[in-house]
Amino acid sequence: MSFEISEYPIMQQLIDLSKDRFKAYCRGGGDVTSEMVENTYGLLAPWTSIILISGSEYRLTFKVHFPLEKAKGLVLEGEAAGAAADPIRDTKLRARIFDYLKEYCNFYGGSLKRAFADSNVAMGISLPMLTRGFDEVFFPRANFKNTFEVYWNLKNSVAEFRCSLYLEATNVESLKALNIKLDDSNEGEIEFL
Amino acid sequence: MSSAVKQTAVSASNQDLQATQQIIRLFEVAKNEAEESIDRLPGIFLVVNRRGFILRANDYYAEMLKTTVEDALFANLKDIFAEEVWSVFLVNLRELEDTVSKTGDLSKSLAFEMPIRAANGFTAVYLWQIKVFSSSTTGEKLFYVFGQDVTELRVKEKQLLEIFESIPVGIVTCNSKGLIEPHYSKFCEVLFGEGQIAGMPVFQRVFTPALKFMKDVEAKGAYALVDCLDQPMDVYELLAMAFPKQIFYPNIGSDTEGKFIAVSYQPIVLSAKVDRILIMFTDRTAIQKAQNETDAKAKQEEVHVRRILEVKSCIAEVIPITMSEMDELLPQIAEQFPNGLWKESLNPLHSVKGNARLSGLKTIAEMVHELEGLVLKIVANPDDVERIGKAKELFEKIQNEWKEFRDLFRMMAGELGISAELENRTSIDLEIVQDLFNRYNDLLYSADKVGAAVLRERIQLALESANHTSIDFIKPLANARAKEVAEAYDKKVNVVFQGSSFKIPTDAKSIVNECIVHLVSNAVAHGVESPEVRVGMGKPAAGTITIKYWDEMGFTHIEVGDDGKGIDVERVRQSASKKGVLSLEESLNKKPEEIVNLIFAPGFSTAEKVDEIAGRGVGLSAIKENVENHSGSVRVVSDGLGKGTKFILNFDTVRNKLSKRLVSQLDFLQILKDNLGAMTNRNHVKADLHIHPDLVKRESLVFCDVGKMSLALLTLIGTTSGGTDVDVRISNAGDKLIARIEPKDMGTANATNYFSQFPEYELSKRSCERFISHHQGEILEISKGIEVRFGYVVDSSRIPVINCFLQGNPPDPLSLELYAKIEKWAAGLNVKVQKIDSILDASFVIGKDAGDLGQGAISNDEPWANVRQRFIEAVEKSLGINRT
């Protein structure tokens, strides 16, 4: 449903969380820009990492939509991230990117779960998963008035990807009032082998 | 719940979670493998929205566009198509979308071919298949797009199609509606001579033009071709037995020119029924033509063998006569047919048939018999164009057939034992004569006058020998014919010959031959009774045909008699009246001997049955006409019923020769042309020869006796001896030919004096007298001197003709008056008088000073009584009337 994000502070908090986690954990995350985007085609990128955060009142699906080419800077440094790096054909590089962005989702989900817990809202998180961006067209949407969906772009000096959040609330009014406390502790960059 | 229990529950929950995690990972791996399988598909796999934006592309597509699957995302499919092609593609998407929307059937798909522009710039043809589904997220209709590059396949198909179309075999498939399907070999158009034949009914296009050349069963088979479509195989196999295996496909507007096309059929079976039929056509025209030629050659050889066998079975002795007859009669008929002289052709036709039968040429005899039947019908209805055409065609065949037999006779002459007979006698004679004359010439210029006289006699004998033949040739003829007819009529006959051998001019053989054949046939067929009847009458079972012959002063007499039933005078009288030969009243006034001679009337026959041997009433009429044309006569004598019949023939063989010689104008001129090379035109030929004067008067004799030989002889003499110039003039006076040989530039009196010094003159005079006695009615005047002038009569009326030359140009009135008087007077005597332009050809010269020219001249001032008397004497003398 279309909605005014100003009426739902929680939505902005969730977006900010993604930005915050990007800053906190991703390479070159210091200068992160974010902007809202439209989902014109029903999908946003070739690849999608996804995690479900679900409780009795809320169910959120957070997805990171990315093309490999624009995400490779997350796992490669300097010249290594240049044009010669081909994550489409280089399956190992591709796997690292996939793991990285799945882990990013996991951090996002974990942070959100903790924040909800701190606000006395019990939530569970799923395993992060990676799938084709095209699969998006098969994801069912509940056509209810209490569903909210937002898309935004995150970009820093080494990478760019899009995020989406799909939220279902059993009680919209309580959602308006929901205000979670985000943990601003820095757990350090995600490191991968 | 104790903490231990709690701990256990948490631990179990974690285990569940891990298990779930494991299975999800498995699915994730499987999903990824499946996706990668799609990526590696050997063709385009895309998911597009209804505007063509790509939501999923595989590696194949990315590589084709030299991009990556990631970059291909959200690109538009239209970029790979030409604008107009993309429009069609979109229409197809919309069409499928509409169909699925209306039916709700997501299994619907659409397949079509469209070219794309590949990144390398080449155009490739793709086979596209599209299916539609709905996005779960947005509900929007999306499309799976599968694309397979069929460029190479199509190129190969095209190559195959080109090969298919260019092979020299016509191949079409006929669909279940009997229509020719789109792909057929181009050779079909060559065979059937038309552009596009696709969609046309196979029966109409292929078989209709050929129907009229098919046998009934093949035509039915052609109709059944369409009937067997959509039928079980056993029905097809049954009907296919009647399908035409070869057809003749005519060219447009022709019934004779066209193609021979072999046809074979192959059913295409679906679900145990004949769905379509593949039909193959092979052009067998060349093969068929070769086959036809081979067959024709075989047939020709067969005919040739048949002819050889026929020739071998021929009676050898008769062959030369047959050849001579045929060579004379067929050209005669060939002149009659185009001029519509059908009735006139009956007699020569009958003679041809008789000759053919006699010698054993059954084929020609049968053909002529058929032709006779046609001609008789044409005579009854001269406007019967169809029969006239058939008659002419048949006659041409007969001529060709005769030509074949004639060649065979010559080729097989040695085997048949007739070589000598068939050799060109003239050339041999010329050789002999040349030798003799060379020697004679020498003797003439020597003192040995006796030797010259002896040699002259030898020359005379040689010439006679060379151009005469023994009358004995009639024996095998008569025997053969009698035997043949007797067998045909189941009778018995013996032939008896009475007479001493003598010679007749070779040219006379044909008429004698013809008479013998016809009269013997007639005697056996109609005269001699059957053995049973004869025995019943107290006669011997075998009849006797008696043939008597003798020679008397150049006349040949032949009697053909039988001891059969004789001629029933009353029956002849009735038949003649019935056939309109003469009225009943006239017939009653005729004497019996006159009545019996009516059997020679054209179309007269008392026979009730017509067969090849007798019965059409043509034979005896032909005999009479031919005999009379050869200066002869024929009559029949019958002493009454049961006492036999006798045909009596008289031939003036010498005159016959002269007549033939003179009427043979074209031959004569041709000989002149061949021998002298001096023909100036067809009607008047002047030949100047250098000839020994002593031979000139004898030339008159030679000229009369040996016919064509004389000119060859003259040529021979002219080229081998010098001497006084002699004029040979051949001129045409109306339908008559006038010939004269005389010393050049020598007056009659001088010539007389000149030649009288030679002893041969007397001989020549006697010869001339003999000649004259045999040519009554033809020679109107014998001038003094060595000249023998022929005021001949050779036309069919046989009226004496007197040629008069009127002096002066224009003739003086008195001469004209005198001529008119002569003409009037001559008419009363049934003598024809005509003006001619040349004094040389004149029997009489009329004019003021003509008296000085001698006996053949009439002066204007001569009293009419004298003139008339002279004419009477001349005519009477020429007709052999001796008043004393």
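This is a predicted model: local features need pLDDT of at least 70, side-chain atom pairs count only at pLDDT 80 or more; totals for chains, interfaces and linings use all residues.
**Notebook: cavity, sheets and a helix pair**

A cavity here is a set of points on a 1 Å grid over the protein atoms alone where a 1.4 Å probe fits but cannot get out, and lining residues have an atom within 4 Å of a point.

Housekeeping: residues are numbered from 1 along each chain as its sequence is written, and chains are lettered from A in the order in which they are written. Local features need pLDDT of at least 70, side-chain atom pairs count only at pLDDT 80 or more, totals for chains, interfaces and linings use all residues, and side-chain values use heavy atoms, without hydrogens and water.

Back to the largest cavity. I found both chains in its lining, with P46(A), W47(A) and R132(A) among the residues, as well as L55(B), R56(B) and A57(B). β2(B) gives the largest share, three residues. The lining splits into seven nonpolar, one polar and three charged (Ala, Val, Leu, Ile, Met, Phe, Trp, Tyr, Cys and Pro count as nonpolar, Asp, Glu, Lys and Arg as charged, the others, Gly among them, as polar).

Next, strands in chain B. Helices (H or I, at least four residues) and strands (E, at least two) are DSSP runs numbered from the N terminus, and two strands pair if DSSP finds at least two bridges between them. I see β4(B) joined to β5(B) (141-149) by nine bridges, running antiparallel, with S134(B) opposite K141(B). The two form a hairpin with six residues between them, and G139(B) in the turn has a positive phi of about 80°.

Then the open sheet: four strands of chain B in the order β6-β9-β8-β7, with antiparallel pairing. β6 and β7 of chain B are at the edges with a single partner strand each, so one side of each lacks a neighbour in the sheet. I note an average twist of 30° from one strand to the next.

Last, a helix pair. α11(B) (319-336) packs against α20(B) (509-527) at about 105°, axes 9 Å apart; axes are lines fitted to C-alpha atoms, for helices over the stretch in contact, and angles run from 0 to 180 degrees between N-to-C directions. That makes α11(B) roughly perpendicular to α20(B) (65 to 115 degrees). Residues in contact (heavy atoms within 4.5 Å) include I321(B) and E325(B) of α11(B) and I511(B) and E514(B) of α20(B).

Terms used. Angles under 35 degrees count as roughly parallel, over 145 as roughly antiparallel, 65 to 115 as roughly perpendicular and the rest as oblique. On a 1 Å grid over the protein atoms alone, a cavity is a set of points where a 1.4 Å probe fits but cannot get out, and a pocket is an open set with protein on both sides within 12 Å along at least five of seven lines; lining residues have an atom within 4 Å of a point.
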